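The sequence and structure come first.

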Amino acid sequence: MTPSIVLLDYGAGNLRSVAKAFEHEGSAVTLTSDPAVARAADRLVLPGQGHFGQCMTRLQESGLADAVREFIAAERPFLGVCVGMQLIYDGSEEAPEVAGLGLIPGTVKRLRTDLPLPHVGWNSVEFVRAAESDPVLAGVAGPRPRFFYHVHSYGVLEADGEHVLGRCTYDDAFASIVRRENVWGIQFHPEKSQEDGLRILGNFARL
């Protein structure tokens, strides 16, 4: 049986579309704002849309930030999506006064480009060699880039960092998929990325 998925509901994202994507892959999904439910989850997902500072403040005030840290310390699989990926870093230029979760070292920065921001639409993600053996990217990662749907103005610009599994370019390169131990982060919207996005969510659910 596929383990249950818990989506954190802290007022910062369109949870139903992400939930439906997991359900499409055969997962039972629970939406919660209860830290106790989050701590007890089999698989925990942190979605996010909007401003880094507002999202992180809501996460802290709800008690979910501490629940996330305790969940990860228990070595169970965790996934941050879009701004949820950004929140797993130390902080962001978007809100320099607000600390992130600090699960992966580094600072999220505004994309360095003369192109329009936010970066909206399909863009190709190039995988690093380690991605081909990553279970969340099974059937997706390979020598050829794949296209995913991005919507963001900020990102992790250390695109060659040790935790990066996939990188994307919008004038400058940024990390689109990262991993540190039992923590994964994806900058794009998997629920909007058709077959490959759904496969990533299914792989995560079946870890």
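## Helix 6

A residue counts as buried when its relative accessible area is under 20%, as exposed when over 50%, and as partly exposed in between. The model described here is a predicted one. By the burial cut-off, Asp-196, Gly-197, Leu-198, Ile-200, Leu-201, Gly-202, Asn-203, Phe-204 and Ala-205 of helix 6 are buried. Helix 6 is thus mostly covered, with nine of its twelve residues buried.

Helix 6 spans residues 194-205. From its first C-alpha to its last, helix 6 reaches 17 Å, close to the 16 Å expected at 1.5 Å a residue.

Nine strands make up an open sheet with mixed pairing, in the order 2-1-3-4-12-11-10-7-8. Strand 2 (29-32) and strand 8 are at the edges; each has a single partner strand, so one side of each has no neighbour in the sheet. On average, neighbouring strands of this sheet are turned by 30 degrees against each other, direction ignored.

Strand 7 (residues 119-127) and strand 10 (residues 164-170) are paired in the antiparallel sense over three bridges. Opposite Glu-126 stands Arg-167 in strand 10.

Strand 5 and strand 6 (residues 104-110) run parallel and are joined by three bridges. Ser-92 stands opposite Val-108 in strand 6.

## Aromatic pairs

Searching the whole structure gives three aromatic pairs. One of them is formed by Trp-122 and Tyr-149, whose ring centres are 5.8 Å apart; the planes stand at 80 degrees, so the pair is edge-to-face. Trp-122 belongs to strand 7 and Tyr-149 to strand 8, so this pair ties together parts that are 27 residues apart in sequence. Trp-122 counts as partly exposed because its relative accessibility is 41%. Tyr-149 is also partly exposed, with a relative accessible area of 22%.

A further pair is that of Trp-184 and Phe-204, with ring centres 6.3 Å apart and planes at 80 degrees, so this pair is edge-to-face. Since Trp-184 lies in strand 12 and Phe-204 in helix 6, the contact ties together parts that are 20 residues apart in sequence. Both Trp-184 and Phe-204 are buried.

In soluble globular proteins, nonpolar side chains tend to be buried together. The largest nonpolar core in this model has 71 residues, of which Phe-22, Phe-78 and Leu-87 touch the most other members. Helix 4 (residues 64-73) supplies the largest share of this core, with six residues.

Which residues does Leu-87 touch, not counting residues up to four places away in sequence? They are Tyr-10, Leu-46, Phe-52, Cys-55, Met-56, Leu-59, Gly-100, Leu-101 and Gly-102.

Terms used
Residues numbered from 1 in each chain as written. Predicted model: local features only at pLDDT ≥ 70, side-chain atom pairs only at ≥ 80, totals over all residues. Heavy atoms only, no water. Core = buried A, V, L, I, M, F, W, Y, C linked by side-chain atoms within 4.5 Å. Buried < 20%, exposed > 50% of the residue type's maximum accessible area, 1.4 Å probe, protein only. Helix = DSSP H or I, 4+ residues; strand = E, 2+ residues; numbered from the N terminus. Contact = heavy atoms within 4.5 Å. Expected span 1.5 Å × (residues − 1). Pairing = 2+ DSSP bridges. Axes fitted to C-alpha atoms, helices over the stretch in contact; angles between N-to-C directions. Phe/Tyr/Trp six-rings, centres within 6.5 Å; stacked < 30°, edge-to-face > 60°.
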